[in-house]
Amino acid sequence: MIGHGLSGTARLGRSGTQSSDYREPKWPANPQIASRSGSLNYANKESFGFLLTESRLWTNGAAPPRRPAETRLSDGPQLTHVTLVWREDEREDWLKFGRPVAERIIDRRQRIESYAAGQVFALVRWAANDYGTIRSTLDIVRAVSSGEPCTPIARIDPGGELLLSVRGWPKVAQVFHLIDAIETSGIDPCEVAPDHWRHIHNRMAGRERPRGYSLARHRAWLQRKALLP
């Protein structure tokens, strides 16, 4: 297996994935592009499949904290922290897309990525035991600001606005293909209109086919977004 630690990416490219065996992630073929979605967990033989990337500064310029909650300073913006765990063939968490403003390596099996309010990211969580897969999930989340209502989500502190949530590898793979189609059209999935992710969630829940996301619709969203307070 070609792995990159926490983000589960296998080689440079966009954030797509290929079909896989019954244990599912063996493993995504196309990760996020570093210029679009932040730094990646490039392969390193000394990392035992875990990321060893260059460190980033936290938004206040201080050294990374011991716990994610310590970054939520009273005089600074609230960050949303995503804890990613990588134990190959057992538990593999990674980001399908996202542009963290800060990240910290805890150890060779755990990493924390932090997002500012309004940023959107996609968290994939997969787990298996000796009998096969026991969990395949994909959550697309918008990070919230202090005081905003949010949904509790596993591995995300303090939670976020849940735009899309699917369970089971067939549904996760279906959303992967939709994300790949968006990237193929030249659109960064981090910038997609949140309503589109809600649309996909609702259509899939109703077993209906989601609409595509066109360049014209994306331009309309960006114009609308520019007018928002």
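**Entry 1: a first residue**

Is Pro170 buried or exposed? I looked it up: Pro170 is exposed, with a relative accessible area of 64%. Pro170 lies in helix 2.

**Entry 2: what I am looking at**

I noted that this is a predicted model, in which local features need pLDDT of at least 70 and side-chain atom pairs count only at pLDDT 80 or more, while totals for chains, interfaces and linings use all residues. Residues are numbered from 1 along each chain as its sequence is written, and side-chain values use heavy atoms, with hydrogens and water left out.

**Entry 3: the whole chain**

I found 4 helices and 8 strands in the protein chain. Helices (H or I, at least four residues) and strands (E, at least two) are DSSP runs, numbered from the N terminus. From the N terminus on, I read the order as α-β-β-β-β-β-β-β-β-α-α-α. Of the 229 residues, 48% count as buried. I then turned to contacts, where contact means heavy atoms within 4.5 Å. Among contacts between residues at least 6 apart in sequence, 61% join residues at least 24 apart.

**Entry 4: helix 2 against helix 3**

Two packed helices are described by the angle between their axes and the distance between the axes. I read off that helix 2 (residues 169-184) and helix 3 pack at an angle of about 145°, with their axes 12 Å apart. The axes are lines fitted to C-alpha atoms, for helices over the stretch in contact, and angles run from 0 to 180 degrees between N-to-C directions. Which residues make the contact? From helix 2 I listed Lys171, Gln174, Val175, Leu178, Ile179 and Ile182, and from helix 3 His196, Trp197, Ile200 and Met204. These divide into 7 nonpolar, 2 polar and 1 charged.

I stayed with Ile182 of helix 2. Ile182 counts as buried, at 3% relative accessibility. Leaving aside neighbours within four places in sequence, Ile182 is in contact with Ile187, Pro189, Val192, His196, Trp197 and Tyr213. The C-alpha atoms of Ile182 and Tyr213 are separated by 6.7 Å, and the two residues are 31 residues apart along the chain.

At the end of helix 3 (residues 194-205) I found Ala205. Ala205 is exposed, with a relative accessible area of 59%. The C-alpha atoms of Ala205 and Val166 are separated by 8.7 Å.

**Entry 5: along strand 8**

Ser165 has its place in strand 8. Ser165 is buried, with a relative accessible area of 19%. Not counting residues up to four places away in sequence, Ser165 touches Leu138, Asp139 and His201. Pro158 is also in strand 8 (residues 156-167), and a cis peptide bond joins Asp157 and Pro158, with omega about 10°.

Most residues other than glycine have a negative phi, and most peptide bonds are trans. Which way does the phi of Asp89 go, positive or negative? I found a positive phi of about 65° for Asp89, although Asp89 is not a glycine. Asp89 sits in the loop between strand 1 (79-87) and strand 2 (91-97), and counts as partly exposed at 29% relative accessibility. Arg155 has a positive phi of about 75°. I placed Arg155 in the loop between strand 7 (151-153) and strand 8, where Arg155 counts as partly exposed at 27% relative accessibility.

**Entry 6: the largest pocket**

Last, I looked up the pocket lining, which has 6 nonpolar, 2 polar and 4 charged residues. Among the lining residues of the largest pocket I noted Arg99, Tyr115, Trp221 and Lys225. A pocket is an open set of points on a 1 Å grid over the protein atoms alone, where a 1.4 Å probe fits, with protein on both sides within 12 Å along at least five of seven lines; lining residues have an atom within 4 Å of a point.

Conventions
Nonpolar A, V, L, I, M, F, W, Y, C, P; charged D, E, K, R; others polar. Buried < 20%, exposed > 50% of the residue type's maximum accessible area, 1.4 Å probe, protein only.
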